[in-house]
Amino acid sequence: MSSATFEKGMVFFLSILTLLVSSLLLIILATVFAKGLPALHSGFLIETSEDFGRAGGIFYQLMGTMILMTGAILISLPVALGSVIYQTQYLKSETGKEICRQLGQVLNATPTILFGLVGYLFFGVYLETGVSWVTGSLILAVMILPTLQVSIREAIEALSDQYKETGMALGLSPWSQIKSIIVPQCYYGIITGVFLGLARAAGETAAIMFAATTFSGIRLPESFSDPVPTLQTHMLVLTQEAANPETLAQAWGAGLVLLSLVFFLTVMAWILRGRLKMEAEL
Amino acid sequence: MKNESHGVMLVFAGLNLIFLCCAGGLFFFLIFESYPILKLHGFDFWLGQDWWVGETYGALPMLYGSTLVTALACLLVLPLALAVAIFISEFLTSTSRRCVKAVLELLAGVPGIVYGLLGVSFLSLWIKDIFGLLDGNTLATAGCLLAIMILPTVLTLSEDAMRAGPAEYREIALGLGLSKWQMATGVVLPQALPGIMGAVLLGIGRAMGETIAVMLVVGSLDRIPDPWFNIFSSAQTIPSKLGREAAESIGEGTHWSALMALGLTLFIMVLLINFLGNRFLKRRSIS
């Protein structure tokens, strides 16, 4: 066999592999959809689950996931924004900046179950928030902190020096610079980070499964100390205890909703990131 | 005026301090909470083979399970990631490259519980049928599932490492009359090796910490397989052990302390791997 044919063959083989890997996404989507189809009906999103998850919809589970996501982002955003602004605007020492960045990477790499364990101990036991949606939101807030930080830091560092120099030349105080130059100009970076953080929080199970959630009983939280049902843990319980096909179909249906939610948030982040790049090119 | 800006700075410094406390507190609590069990068992905690709640705690089966599953995922993912990364970086047009990268980013975001459900419903049944086993929940199942899960991460990072090679090298190689294939395997690939190492290490770090998907398919038996290389037997990994038992003893007792010590072990392992991975990736981008 000549080397040219060999090379052509190899390239062809690689292209097939690439196609297979790329179609993995389609395969996963199609499988989840096909398996969840029996559970999907017009009221799936707005009905409550019945008969220990065997029938009905996933309204309260979806609400629970949303509550935890929103809570996490509301807690995490100020901290992420503030800490990145401090690191980029006020902190002068390069070593200090590097240490902060490394710690961000450490948080990002930490296995999520550890956030669940330590977070429950610290918030749930020491701060006495118990097994509740507040604990869950706090844990998820810590978990998505590095995701937000990375997006915001990228946007701030991409900001052209002209803006900063003009601000300084106008005699703006650091606070005015932050308020009227940095935050408005890095707006898209912040929103991108928010969407990526939401997507990460929505897909997380291990960190909240024993700290914030319940399987049935409680519906919408009525106080700060109530746990919530969530899509993720709903799926987990159904998967572990599924004995009949209807229950499993419910788990797949919930999976489809969860997957759509995560993909929607990711694509939103892309759209905004694309806009960010375009603005930077101007 | 001066006072106002000082106050503002303090607010931002305070927010940064919260962030530092999150990172530092995690490590502190893991050490603090695992101290009782380490004092009780000492180094034997990591060598003991038996885990009986209330009696004795030995982490070796979990350590071994985590290592084996991760190694398996790594072995499965490496050739595939390498082959596909070469193709994406050297043979695709930039538009299709961006499409594939977008697909990979979406894949990387698929929640672990969805992979878990897929693993339970398909992979473990397939492995059971193909190898004629009694139970499809084995180390091999977990390894395969993890390989699929970390593939997008490893692939994207390896591809970045290949793209990062200087364009002149490619042009010179082609100018010397090498074919595109020879250029890709002979020039780009060796250049990108440290970056690929980094990518694989970061993937391994992710695989080690994955809880839900592994917990559902690994079988959750606290023992070292017999013989030791038998990947078709049920075992346990550190995160899946934590996920299974944390709810039972939350916050108190020796059991909890033992679980936290397991968590500390996992944390240190993941941190070391990640540190190495980042070193490799950085070396690539500087040189």
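Start by selecting L140(A): skipping neighbours within four places in sequence, L140(A) is in contact with L68(A), A72(A), A201(A), E204(A), A207(A) and I208(A). Contact here puts the C-beta atoms, placed from the backbone, within 7 Å.

Before moving on, some housekeeping. This is a predicted model, where local features need pLDDT of at least 70 and side-chain atom pairs count only at pLDDT 80 or more, while totals for chains, interfaces and linings use all residues. Residues are numbered from 1 along each chain as its sequence is written, with chains lettered from A and ligands numbered from 1 in the order in which they are written.

Helices are DSSP runs (H or I, at least four residues), numbered from the N terminus.

Colour chain A by domain: domain 1 (3-38) and domain 2 (40-281), with bounds from an automatic or database assignment. Their C-alpha centres lie 31 Å apart. Where they touch, domain 1 of chain A gives 6 residues and domain 2 of chain A gives 7.

Last stop, the chain contact: 65 residues from chain B and 60 from chain A. On the chain B side, select α1(B), whose 19 residues are the largest share.

Methods
Two residues are in contact if their C-beta atoms, placed from the backbone, lie within 7 Å. Helices (H or I, at least four residues) and strands (E, at least two) are DSSP runs, numbered from the N terminus.
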